[in-house]
Amino acid sequence: MNKAIILLPVAALLAACGGGGSSGGSGSSAIKIVGSSTVYPFTTAVAEEFQRAHPGINAIVESTGTGAGIKLFCAGVGANYPDVVNASRPFKKSEYEACAANGVKQVIELPVGIDGLTLIEAKSAQPMNLTVEDVYKAIAANPFGKGPNKAQTWKDVNPSLPAVKIRVLGPPPTSGTRDSLAELILEKGCDSNPEMKALKKSNDAKHKDICTKVREDGAFVEAGENDNLLVQKVSADPGSLGVLGYSYLEENLDRVRPVALAGIVPTEATISDLSYPGARKLFIYIKGEHLRAKPAIRDFVTAYARAWGKGGALERRGLVPLAPADAASSTQQATDLNPLDPAGLK
């Protein structure tokens with residue numbers, strides 16, 4: 001689901017230097033932000049506060065999913081293209097190359113906090129306690145490369161688990177949450193097998209296919225980008241599980257609860273110290289080519305940095321603050337806005 005808000009009364013859009021395809025142009029005073037549904041509520045909160053302090057500048061935030069948002073962000077420089085993209089995982093090398101091919105060569109990375117990729121279940125369901133290997137064996141299309149997945153219940157996956165039908169509602173391929181599911185849960189579960197761990201070194205493409213491709217027989221259901229709708233579906237269907245960000249769990253504890261992974265329940269403490277297996281950093285990426293035409297982007301980034309700290313506005317909305325050293329680094333980057341080095345991308 002693609003959702004968009006234009007925050008507070010719309011002021012007249014002012015012409016800025018540069019035009020549709022001109023270098024450094026951004027076309028209007030509005031700051032245009034797309035991307036991750038997980039980061040969306042945090043960026044929305046910052047944008048609302050930012051516009052109250054800057055009533056002449058609109059902040060337009062759209063939830064498109066990380067992958068789709070980065071594609072829009074990388075499509076070009078100028079009035080028709082976003083200034084900022086929310087992301088629930090780091091930029092990929094292939095995405096940076098697409099950006100550069102379209103003239104977007106100053107991609108500025110800014111970690112804003114930590115989220116926990118969370119499995120949820122209905123409060124009325126029989127409590128589950130899973131491992132990353134259990135989750136992989138339940139929803140992988142071809143577990144450990146040994147043929148199509150035929151497991152029907154969690155007991156088929158692990159004899160100690162209940163004979164409850166496997167049904168996991170998760171994000172589509174365009175979502176950064178799907179990428180995080182693959183990296184943080186599925187690959188780790190897959191690599192519990194020594195043969196798979198060795199395969200990653202000898203044939204990375206085959207390893208990725210075996211370890212991250214999910215079932216298409218109904219055991220895994222793509223539930224779209226609307227996390228609130230996913231919560232509704234899981235709460236109404238005891239026995240099904242959902243995959244989403246920790247902040248949505250916190251907002252809906254009256255209807256759903258977290259599923260422990262390896263005995264660790266996602267909390268602010270277990271996510272902050274990264275002991276919870278699904279902990280992940282969240283980011284915004286800024287288009288450096290737009291900074292001269294839209295100096296307000298710097299002010300927006302400054303507002304974000306004020307909000308993400310311990311006890312700040314975003315923590316109250318469910319964002320887990322970065323550890324002190326990472327927080328200091330991000331705060332400095334919010335001032336410096338140094339473009340990322342593509343050599344470090346995967």
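Is S247 buried or exposed, and what is its relative accessible area?

Figure 1. S247 is buried, with a relative accessible area of 0%. Buried means under 20% relative accessible area, exposed over 50%, and partly exposed in between, with a 1.4 Å probe and protein chains only. Apart from neighbours within four places in sequence, S247 is in contact with F42, D115, R317 and G318; contact means heavy atoms within 4.5 Å. This is a predicted model, in which local features need pLDDT of at least 70 and side-chain atom pairs count only at pLDDT 80 or more, while totals for chains, interfaces and linings use all residues. Residues are numbered from 1 along each chain as its sequence is written, and side-chain values use heavy atoms, with hydrogens and water left out.

**Figure 2. Helix α1 (residues 40-53).** Helices (H or I, at least four residues) and strands (E, at least two) are DSSP runs, numbered from the N terminus. The 14 residues of α1 reach 20 Å from the first C-alpha to the last, close to the 20 Å expected at 1.5 Å a residue; the expected span is 1.5 Å times one less than the number of residues. α1 is mostly covered, with 10 of its 14 residues buried. Among the buried residues of α1 are Y40, P41, F42, V46 and F50.

**Figure 3. Contact of helix α6 (residues 176-190) with helix α8 (residues 204-212).** The two axes come within 9 Å and cross at roughly 100°, and α6 and α8 are therefore roughly perpendicular to each other. Axes are lines fitted to C-alpha atoms, for helices over the stretch in contact, and angles run from 0 to 180 degrees between N-to-C directions. Angles under 35 degrees count as roughly parallel, over 145 as roughly antiparallel, 65 to 115 as roughly perpendicular and the rest as oblique. On α6 the contact is made by A182, L186, E187 and C190, and on α8 by H207, I210, C211 and T212.

**Figure 4. Strand β4 (residues 84-87) and its pairing.** From β4, V84 and N86 point one way and V85 and A87 the other, and all are buried. Strand β2 (residues 31-35) pairs with β4 in the parallel sense over three bridges, where two strands pair if DSSP finds at least two bridges between them. V34 stands opposite V85 in β4. With strand β12 (residues 279-287), β4 pairs in the antiparallel sense over four bridges, and A87 stands opposite F283 in β12.
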